[in-house]
Amino acid sequence: MELKSRLLPNLASDPDLFGRFAERFARYMGTANFLLYMTIFVIVWIAINVIGLFGLKWDPYPFILLNLFFSTQASYAAPLILLAQNRQDDRDRVQIEQDRSRNERNLADTEYLTREVAALRISLREVATRDFVRSELRSLLEELIALQGEEDTLKEARTAPDTPPKS
(Lines give C-alpha, C1' and ligand atoms only; values in the text may rest on other atoms or scores of the structure.)
Protein backbone atom coordinates (compact mmCIF):
# COMPACT_ATOMS: atom_id res chain seq x y z
CA MET A 1 0.00 0.00 0.00
CA GLU A 2 2.82 2.40 0.86
CA LEU A 3 4.62 1.58 -2.40
CA LYS A 4 1.45 2.24 -4.38
CA SER A 5 1.02 5.67 -2.77
CA ARG A 6 4.62 6.60 -3.64
CA LEU A 7 4.28 5.58 -7.30
CA LEU A 8 0.94 7.25 -8.07
CA PRO A 9 0.46 11.00 -7.80
CA ASN A 10 -1.83 12.19 -5.03
CA LEU A 11 -4.68 13.95 -6.80
CA ALA A 12 -6.80 14.07 -3.64
CA SER A 13 -4.78 16.97 -2.24
CA ASP A 14 -5.96 19.24 -5.10
CA PRO A 15 -9.08 17.90 -6.82
CA ASP A 16 -9.03 20.66 -9.42
CA LEU A 17 -5.48 19.92 -10.54
CA PHE A 18 -6.53 17.47 -13.24
CA GLY A 19 -9.42 19.71 -14.29
CA ARG A 20 -7.09 22.67 -14.76
CA PHE A 21 -4.73 20.44 -16.76
CA ALA A 22 -7.67 19.36 -18.96
CA GLU A 23 -8.66 22.96 -19.57
CA ARG A 24 -5.12 24.00 -20.52
CA PHE A 25 -4.82 20.96 -22.80
CA ALA A 26 -8.18 21.64 -24.50
CA ARG A 27 -7.34 25.33 -24.85
CA TYR A 28 -3.96 24.51 -26.42
CA MET A 29 -5.47 22.00 -28.86
CA GLY A 30 -7.67 24.77 -30.24
CA THR A 31 -4.77 27.05 -31.19
CA ALA A 32 -3.01 27.67 -34.48
CA ASN A 33 0.30 26.70 -32.83
CA PHE A 34 -0.98 23.20 -32.11
CA LEU A 35 -2.16 22.77 -35.70
CA LEU A 36 1.13 24.10 -37.05
CA TYR A 37 3.26 21.82 -34.84
CA MET A 38 1.07 18.81 -35.62
CA THR A 39 1.33 19.52 -39.37
CA ILE A 40 5.12 19.82 -39.17
CA PHE A 41 5.28 16.58 -37.15
CA VAL A 42 3.19 14.69 -39.74
CA ILE A 43 5.21 16.07 -42.68
CA VAL A 44 8.50 15.11 -41.02
CA TRP A 45 7.15 11.67 -40.08
CA ILE A 46 5.97 10.96 -43.63
CA ALA A 47 9.12 12.39 -45.22
CA ILE A 48 11.41 10.25 -43.07
CA ASN A 49 9.38 7.10 -43.68
CA VAL A 50 8.91 7.62 -47.45
CA ILE A 51 12.40 8.85 -48.30
CA GLY A 52 14.15 6.82 -45.66
CA LEU A 53 16.45 9.55 -44.36
CA PHE A 54 19.47 8.19 -42.51
CA GLY A 55 18.28 4.70 -43.37
CA LEU A 56 15.23 5.06 -41.11
CA LYS A 57 11.95 3.52 -42.27
CA TRP A 58 10.13 2.35 -39.17
CA ASP A 59 6.59 3.07 -40.46
CA PRO A 60 6.13 2.23 -44.18
CA TYR A 61 3.48 3.69 -46.50
CA PRO A 62 0.13 3.04 -44.85
CA PHE A 63 1.69 4.73 -41.77
CA ILE A 64 -0.04 2.46 -39.29
CA LEU A 65 2.07 3.65 -36.35
CA LEU A 66 1.23 7.30 -37.14
CA ASN A 67 -2.45 6.36 -37.31
CA LEU A 68 -2.10 4.63 -33.93
CA PHE A 69 -0.57 7.79 -32.45
CA PHE A 70 -3.46 9.87 -33.77
CA SER A 71 -6.01 7.39 -32.43
CA THR A 72 -4.35 7.43 -29.02
CA GLN A 73 -4.23 11.20 -29.02
CA ALA A 74 -7.93 11.38 -29.96
CA SER A 75 -8.89 8.85 -27.30
CA TYR A 76 -7.22 11.00 -24.65
CA ALA A 77 -8.19 14.36 -26.10
CA ALA A 78 -11.93 13.69 -26.28
CA PRO A 79 -12.45 13.03 -22.54
CA LEU A 80 -10.13 15.89 -21.61
CA ILE A 81 -12.08 18.26 -23.82
CA LEU A 82 -15.36 16.98 -22.34
CA LEU A 83 -13.99 17.52 -18.83
CA ALA A 84 -12.96 21.07 -19.73
CA GLN A 85 -16.42 21.71 -21.21
CA ASN A 86 -18.12 20.36 -18.08
CA ARG A 87 -16.03 22.64 -15.88
CA GLN A 88 -16.89 25.59 -18.13
CA ASP A 89 -20.59 24.63 -17.95
CA ASP A 90 -20.34 24.62 -14.14
CA ARG A 91 -18.74 28.07 -14.17
CA ASP A 92 -21.39 29.29 -16.61
CA ARG A 93 -24.15 27.94 -14.35
CA VAL A 94 -22.71 29.79 -11.36
CA GLN A 95 -22.34 32.97 -13.44
CA ILE A 96 -25.93 32.68 -14.69
CA GLU A 97 -27.19 32.24 -11.13
CA GLN A 98 -25.22 35.30 -10.00
CA ASP A 99 -26.58 37.28 -12.97
CA ARG A 100 -30.12 36.19 -12.16
CA SER A 101 -29.67 37.22 -8.53
CA ARG A 102 -28.18 40.57 -9.54
CA ASN A 103 -31.03 41.14 -12.02
CA GLU A 104 -33.61 40.39 -9.32
CA ARG A 105 -31.94 42.89 -6.98
CA ASN A 106 -31.82 45.49 -9.77
CA LEU A 107 -35.49 44.91 -10.54
CA ALA A 108 -36.41 45.29 -6.87
CA ASP A 109 -34.34 48.48 -6.65
CA THR A 110 -35.94 49.84 -9.82
CA GLU A 111 -39.44 49.08 -8.53
CA TYR A 112 -38.62 50.77 -5.22
CA LEU A 113 -37.26 53.85 -6.98
CA THR A 114 -40.32 53.93 -9.25
CA ARG A 115 -42.60 53.91 -6.21
CA GLU A 116 -40.52 56.67 -4.60
CA VAL A 117 -40.67 58.84 -7.74
CA ALA A 118 -44.44 58.31 -7.92
CA ALA A 119 -44.77 59.32 -4.26
CA LEU A 120 -42.65 62.43 -4.90
CA ARG A 121 -44.82 63.38 -7.87
CA ILE A 122 -47.96 63.01 -5.76
CA SER A 123 -46.46 65.09 -2.95
CA LEU A 124 -45.21 67.74 -5.37
CA ARG A 125 -48.76 68.37 -6.54
CA GLU A 126 -49.44 69.78 -3.07
CA VAL A 127 -46.26 71.89 -3.04
CA ALA A 128 -46.25 75.40 -4.42
CA THR A 129 -44.36 75.80 -7.64
CA ARG A 130 -41.66 78.39 -8.17
CA ASP A 131 -43.84 80.46 -10.48
CA PHE A 132 -46.69 80.45 -7.95
CA VAL A 133 -44.36 81.57 -5.14
CA ARG A 134 -42.90 84.31 -7.37
CA SER A 135 -46.31 85.64 -8.29
CA GLU A 136 -47.37 85.64 -4.64
CA LEU A 137 -44.19 87.48 -3.64
CA ARG A 138 -44.72 90.04 -6.41
CA SER A 139 -48.25 90.74 -5.29
CA LEU A 140 -47.10 91.04 -1.65
CA LEU A 141 -44.31 93.39 -2.74
CA GLU A 142 -46.80 95.53 -4.67
CA GLU A 143 -49.05 95.65 -1.62
CA LEU A 144 -46.08 96.63 0.59
CA ILE A 145 -45.07 99.36 -1.84
CA ALA A 146 -48.64 100.64 -1.91
CA LEU A 147 -48.81 100.59 1.89
CA GLN A 148 -45.42 102.31 2.06
CA GLY A 149 -46.70 105.00 -0.26
CA GLU A 150 -49.83 105.51 1.86
CA GLU A 151 -47.75 105.71 5.05
CA ASP A 152 -45.44 108.26 3.46
CA THR A 153 -48.45 110.35 2.42
CA LEU A 154 -49.90 110.15 5.93
CA LYS A 155 -46.58 111.15 7.50
CA GLU A 156 -46.26 114.12 5.16
CA ALA A 157 -49.78 115.15 5.99
CA ARG A 158 -49.12 114.98 9.71
CA THR A 159 -45.85 116.84 9.61
CA ALA A 160 -46.87 119.54 7.17
CA PRO A 161 -48.12 122.83 8.73
CA ASP A 162 -51.70 123.55 8.25
CA THR A 163 -51.59 125.80 5.27
CA PRO A 164 -54.38 126.39 2.98
CA PRO A 165 -54.04 124.73 -0.32
CA LYS A 166 -52.71 126.88 -3.11
CA SER A 167 -55.15 127.80 -5.71
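In these legends a residue is called buried under 20% relative accessible area, exposed over 50%, and partly exposed in between (1.4 Å probe, protein chains only). The model is predicted, so local features need pLDDT of at least 70 and side-chain atom pairs count only at pLDDT 80 or more, whereas totals for chains, interfaces and linings use all residues. Residues are numbered from 1 along each chain as its sequence is written, and side-chain values use heavy atoms, with hydrogens and water left out.

**View 1. Salt bridge between Arg-93 and Asp-90 in helix α4.** The side chains of Arg-93 and Asp-90 meet at 2.8 Å, N to O, in a salt bridge (a side-chain nitrogen of Lys or Arg within 4 Å of a carboxyl oxygen of Asp or Glu). The two residues are three apart in the helix, about one turn, helices being DSSP runs of H or I with at least four residues, numbered from the N terminus. Arg-93 counts as exposed because its relative accessibility is 53%, while Asp-90, at 40%, counts as partly exposed.

**View 2. Salt bridge between Arg-100 and Glu-97.** The closest N and O atoms of this pair are 3.0 Å apart, and the two residues, three apart in helix α4, are separated by about one helical turn. Arg-100 is partly exposed, with a relative accessible area of 42%, and Glu-97 is likewise partly exposed, at 44%.

**View 3. Salt bridge between Glu-23 and Arg-91.** The closest N and O atoms of Glu-23 and Arg-91 are 2.7 Å apart. Glu-23 lies in helix α2 (residues 17-29) and Arg-91 in helix α4 (residues 64-125), so the pair ties together parts that are 68 residues apart in sequence. Glu-23 is buried, at 11% relative accessible area, whereas Arg-91 is partly exposed, at 37%. Both residues belong to a network of salt bridges that also links Asp-16 and Arg-87; the structure holds six salt bridges.

**View 4. Contact of Asn-49 with the backbone of Trp-45.** A polar atom of the Asn-49 side chain lies 2.8 Å from the backbone oxygen of Trp-45. Asn-49 is placed in helix α3 (residues 32-52) and is buried, with a relative accessible area of 3%.

**View 5. Patch of negative charge on the surface.** Glu-150, Glu-151, Asp-152 and Glu-156 gather here; a patch is made of residues with over 30% relative accessible area and no salt bridge, like charges being joined within 9 Å and nonpolar side chains (Val, Leu, Ile, Met, Phe, Trp, Tyr) within 5 Å. One of these residues, Glu-151, lies in helix α5 (residues 130-159) and is partly exposed, at 46%.

Terms used. Accessible areas come from the Shrake-Rupley method with a 1.4 Å probe; for residues, only the protein chains shown count as cover. Lys and Arg count as positive and Asp and Glu as negative; His and the chain ends are not counted. The place of a charge is taken as NZ of Lys, CZ of Arg, CG of Asp or CD of Glu. A polar contact is a pair of N or O atoms within 3.5 Å; within protein, one must be able to donate a hydrogen and the other to accept it, and residues adjacent in sequence count only if both atoms are side-chain atoms.
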